[in-house]
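The following exercises show how a protein model can be read step by step.

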Amino acid sequence: MGPLRYRSLQELAAKRWTCPACAHSTRPSLLRHQPRRSLQTTQKPRQDAVPSMDHLRKPFEKRNANTLYYTLSIILGTVALSYGSVPLYKTICQQTGWGGQPIKSAAHGGTLDPGDSDSIAAKLTPITSSRRLRITFAGSTSDILPWKFSPQQREVRVLPGETALAFYTATNQSPTEDIIGVATYSVTPAQVAPYFSKIQCFCFEEQRLNKGETVDMPVFFYIDPEFLKDPNMKGIDSITLNYTFFKAKYDKNGHLSPMPMPY
């Protein structure tokens, strides 16, 4: 018989340690005594879990609306620009010579001060030491305008600062209709246009010809002497002035405009 303390520890270990299989069979399961927990459900749908199709469409609908507004704005702006571009282009080109448009001479426009008479006289003084420039003329009409239009002379030769007068002839070949025509013009080479100044011209003005009528149209012009100081003008001895007539009519606002070409 061992000591008392030894027997006590041995008995305590025997009491506290048992086989797992025996413990499972002898000890009651905790799950058997726990009350069954009911599942709590809610009737509220989980709307935030999965977005609906309406939520998915809203950003695209707003984006499409903005795109539509921008497109309409561009279309309206283009239409407004197309109506205003013709007089704007005409004004700019006449003042700057862009696009081969001869400049309207300020010396004969009545816009200069009397103190500028010396500069005007200097511009209209021929430079006799310069080479003469060959000015040729060309004319054409649109396909829907039944006019015959051509220059009366093939060419003239002028000095810078020297005025020159040329004539075109137009005939309305329609047997039944009085027609309004409007002419545009250009200069070739285009870089000479800022120095090609017209004093009198029939361009951009209404020309009404009765059926079968023939008229002479004058062009009074000169080459600005500044032409000789521009290094880009070296080697240019020939200049062509071209006119094209278009059939025109008055719109509902009373504005005269060329009729569009048929396609």
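**Exercise 1.** State which residues Gln 207 is in contact with, leaving aside its neighbours within four places in sequence.

*Solution.* Step 1: Contact means heavy atoms within 4.5 Å. Step 2: With neighbours within four places set aside, the partners of Gln 207 are Trp 147, Ile 179, Ile 180, Gly 181, Phe 202, Met 217 and Phe 245. Step 3: Gln 207 belongs to strand β8; helices (H or I, at least four residues) and strands (E, at least two) are DSSP runs, numbered from the N terminus. Step 4: The relative accessible area of Gln 207 is 16%, so this residue is buried (buried: under 20%; exposed: over 50%; partly exposed: in between; 1.4 Å probe, protein chains only).

A note on the source: this is a predicted model, in which local features need pLDDT of at least 70 and side-chain atom pairs count only at pLDDT 80 or more, while totals for chains, interfaces and linings use all residues. Residues are numbered from 1 along each chain as its sequence is written, and side-chain values use heavy atoms, with hydrogens and water left out.

**Exercise 2.** Describe the protein as a whole: how many helices and strands are there, and what percentage of the residues is buried?

*Solution.* Step 1: The protein contains 5 helices and 11 strands. Step 2: Of its 263 residues, 26% are buried. Step 3: Among contacts with a separation of 6 or more, 73% join residues 24 or more positions apart.

**Exercise 3.** Identify the residues with the most contacts inside the largest nonpolar core.

*Solution.* Step 1: A nonpolar core is a set of buried Ala, Val, Leu, Ile, Met, Phe, Trp, Tyr and Cys residues joined through side-chain atoms within 4.5 Å. Step 2: The largest such core has 35 residues, and Ile 135, Phe 202, Phe 221, Ile 239 and Tyr 243 have the most contacts inside it. Step 3: At least two core residues come from each of β2 (133-141), β3 (147-151), β4 (155-158), β5 (163-172), β6, β9 (214-223) and β10 (238-250). Step 4: Apart from neighbours within four places in sequence, Tyr 243 is in contact with several residues, including Ala 138, Phe 149, Tyr 168, Tyr 185, Phe 202 and Val 219.

**Exercise 4.** Count the salt bridges and explain what the pair of Asp 224 and Lys 123 ties together.

*Solution.* Step 1: A salt bridge is a side-chain nitrogen of Lys or Arg within 4 Å of a carboxyl oxygen of Asp or Glu. Step 2: The count by this rule is 8. Step 3: In the bridge between Asp 224 and Lys 123, the closest N and O atoms are 2.9 Å apart. Step 4: Because Asp 224 lies in the loop between β9 and β10 and Lys 123 in helix α5 (residues 117-123), the pair ties together parts 101 residues apart in sequence. Step 5: Asp 224 is buried, at 9% relative accessible area, whereas Lys 123 is partly exposed, at 30%.

**Exercise 5.** Determine where Asp 237 and Arg 131 lie, and which residues join Glu 155 in one network.

*Solution.* Step 1: Asp 237 and Arg 131 form a salt bridge (2.4 Å, N to O). Step 2: This pair links distant parts of the chain, 106 residues apart: Asp 237 is in the loop between β9 and β10, and Arg 131 in the loop between α5 and β2. Step 3: Arg 157 and Glu 155 also meet in a salt bridge (3.7 Å, N to O). Step 4: Through shared partners, salt bridges join Arg 134, Glu 155 and Arg 157 into one network.
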